[in-house]
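Please read this briefing alongside the sequence and the coordinates.

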Amino acid sequence: MIRIARPALLAFVGILIVVPLLWIVVSSFKSSPEIFSNPWGMPRSLKWSNYATAWSENNLGAYFINSFIVSLLSLLILIPIGAMAAYVLTMFPFRGSQFLSGLFAGGMMFPNFLVIVPLFLLMSKLGLHDTKAGLIIAYVAFSLSFTIFVLRGFFSSLPRELAEAAELDGCSYASTFWKVMWPISMPGLAVVTIFNAIGLWNEYSLALVLISSNTNRTMALGIADLVNVQQYQADWGALCAGLTMAMVPVSILYWIFREKIQSAMLAGAIKG
Amino acid sequence: MRRAERTRFIITFLSPALLLYTVFVIYPLGQSLYISLFNWRGVSKRRSFIWLENFQKVLHDEVFWKSLKNNLWILLIGGFLVMAIGLALAQSLQRRTRGGNFVQNIMLFPQIMSLVVVAVVWQFVLNPSIGLVNSGLALLGLKNLQHAWLGEVTTALPSVIGVYIWCGVGFFALLFSAGLQNIDKELKEASQLDGASGSQQFTRITWPLLWPIRKVATIYTVINGIQVFALVYLMTRGGPDHGTDTLLSYLYFHGFENYQFGYATAIAVLTFLLTTFVSLSILLIYRKSPMESAR
């Protein structure tokens, strides 16, 4: 029984994951009538123009760039300040450091979306509603919990002696961090960076509330909106092209770093 | 001298993160309590202090209870199936085969895809006219089983739960795989020599030793089950007839479609209390390892 059940389960799961995603990619090369008349088959010819339509006519090119800018700037702020905090919290215990570690980690225990109304009101009051800056600030603030948590685990595995040696040589605490600890932490920093990059690229719920105008839309918002629009225009081919454009960067990142990402997911989960 | 420098260093290194976190995460969380006490409509300044009236109204709101019930269905049925399938999958991945490696590599794809992509993909798959499910049923000659999956009251919630499972199984399989790898191989071999059957091995060795992983998995199941928003909002907008609304999608509906900030925040506060209560109960249930008491 088990001898058959095992491969059967694997095949079932494999098909269930691959087929829907592959179907989108295949359909992105079809014309709309072809998707309707022949939903299962291969495209008769590759309709690359779907991508051009999605990129320029449906404005996804602009949203793609917005997503790129927002994710990149968020990471450029998040990773250094998260690393600085995690470093202090692991290497420099002081009264209250335990409490602060718990305060940061606590953010992983409840859904971000619970604070969406006060966050929206706060951003409006600060003039940051519907700005990329506001979205970036929110992304950084809400990614700190996970980032600090994983990096704390990473820093506590580093040799403390290395920092002490540098400090004895007369390095200040800050330059010890930037010149000695930061470079040797690259593997850990890379993992949290990739992990956050994927999450931020995909983020939808916060952006839905914090962004309202077309010029600031991210890819996730743009595609969700496109679905609503396309239901009337019904250019399904272009919609599938847009979806493929959203999937590809994440898939490539994931495929290159899959083992690291898996270990980051486990580190975030198991040590908790 | 060094001590003052140390203090200065701690403050400079901690403050950027702490400042952002306090202003944009902790402060809004605290402010929720305050906002929930107001009758606050629209972006205008017009608001009146009404004490706990919002909570009173929420607790008498049928749709709130319906949303909570939907959340619980997702959490219990979806959560149970995600764990069961995840564990079965992890077991199947124990023996290294080429197919197993392939599945191991791709099983997290649904999790790392944007929920927007997931929602649209499944809207396609479940689409009544061009969807894979209905055309598959037609191919098999089972036309009478066809449904407008996301549009009918009876099938919408189960469909959403199905997609929820699709997204989550990979991560739980990963989690259980790590747990299974930590179980001592010698222990299993010894029990085999003692004549333990496969199922005995599972119930007596594997299951108890998975205790720490089960604890993590249960906590994740609860948090994930309560925070369902984007999936539902994108696939069904909470419909038909609030049949798939969750606490958070109902919160969004009141906050940003009706602009009743006070009412929406009252839902948030109740959801927060519920999350805290359930998480604490789980920690309490899993307080003591069964291995310790056996020893």
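The notes below cover the interface, salt bridges, aromatic rings and backbone features.

This is a predicted model, in which local features need pLDDT of at least 70 and side-chain atom pairs count only at pLDDT 80 or more, while totals for chains, interfaces and linings use all residues. Residues are numbered from 1 along each chain as its sequence is written, chains are lettered from A and ligands numbered from 1 in the order in which they are written, and side-chain values use heavy atoms, with hydrogens and water left out.

Chain B and chain A bury about 8,000 Å² between them, with 0 salt bridges counted between the two chains. Over all chains the search gives 2 salt bridges and 47 aromatic pairs.

**Interface between chain B and chain A**

- On each side 89 residues take part: 89 of chain B are in contact with 89 of chain A, where contact means heavy atoms within 4.5 Å.
- Of the area of about 8,000 Å² that is buried, 81% is on carbon and sulfur atoms; buried area is the accessible area (1.4 Å probe) that two parts lose on being put together, summed over both.
- Phe13(B), Tyr21(B) and Phe24(B) supply 10% of the area that chain B buries against chain A, more than any other three residues.
- Between the chains there are 11 residue pairs in polar contact, both residues at pLDDT 80 or more. A polar contact is a pair of N or O atoms within 3.5 Å; within protein, one must be able to donate a hydrogen and the other to accept it, and residues adjacent in sequence count only if both atoms are side-chain atoms.
- Helix α1 (residues 2-35) of chain B gives the largest share of the side of chain B that touches chain A, namely 23 residues. Helices (H or I, at least four residues) and strands (E, at least two) are DSSP runs, numbered from the N terminus.
- That side of chain B divides into 62 nonpolar, 22 polar and 5 charged residues. Ala, Val, Leu, Ile, Met, Phe, Trp, Tyr, Cys and Pro count as nonpolar, Asp, Glu, Lys and Arg as charged, and the others, Gly among them, as polar.

**Salt bridges**

- A salt bridge is a side-chain nitrogen of Lys or Arg within 4 Å of a carboxyl oxygen of Asp or Glu.
- In chain A, the side chains of Arg217(A) and Asp225(A) form one at 3.4 Å, N to O. Arg217(A) is buried at 17% relative accessible area, whereas Asp225(A) is partly exposed at 29%; buried means under 20% relative accessible area, exposed over 50%, and partly exposed in between (1.4 Å probe, protein chains only).
- In chain B, the side chains of Lys66(B) and Asp241(B) form a salt bridge at 3.8 Å, N to O.
- This pair links distant parts of the chain, 175 residues apart: Lys66(B) is in helix α3 (residues 62-93) of chain B, and Asp241(B) is in the loop between α12 (230-236) and α13 (247-257) of chain B.
- Lys66(B) is partly exposed at 30% relative accessibility, and Asp241(B) is exposed at 58%.

**Aromatic rings**

- Rings of Phe, Tyr and Trp (its six-membered ring) pair if their centres lie within 6.5 Å; planes under 30 degrees apart count as stacked, over 60 as edge-to-face and the rest as tilted.
- Among the 47 pairs over all chains, Trp211(B) and Tyr286(B) have ring centres 6.0 Å apart and planes at 50°, so the pair is tilted.
- Trp211(B) lies in helix α11 (residues 211-226) of chain B and Tyr286(B) in the loop between α14 (261-285) and α15 (290-294) of chain B, so the pair ties together parts 75 residues apart in sequence.
- Trp211(B) is buried at 13% relative accessible area, and Tyr286(B) is buried at 15%.
- One aromatic cluster includes Trp178(A), Trp182(A), Phe9(B) and Phe13(B).

**Backbone features**

- Most residues other than glycine have a negative phi, and most peptide bonds are trans.
- A cis peptide bond joins Gly239(B) and Pro240(B), with omega about -10°; Pro240(B) is in the loop between α12 and α13 of chain B.
- Asp241(B), in the loop between α12 and α13 of chain B, has a positive phi near 55°.
- Asn59(A) has a positive phi near 70°. Asn59(A) sits in the loop between α3 (49-57) and α4 (60-91) of chain A and is partly exposed at 32% relative accessible area.
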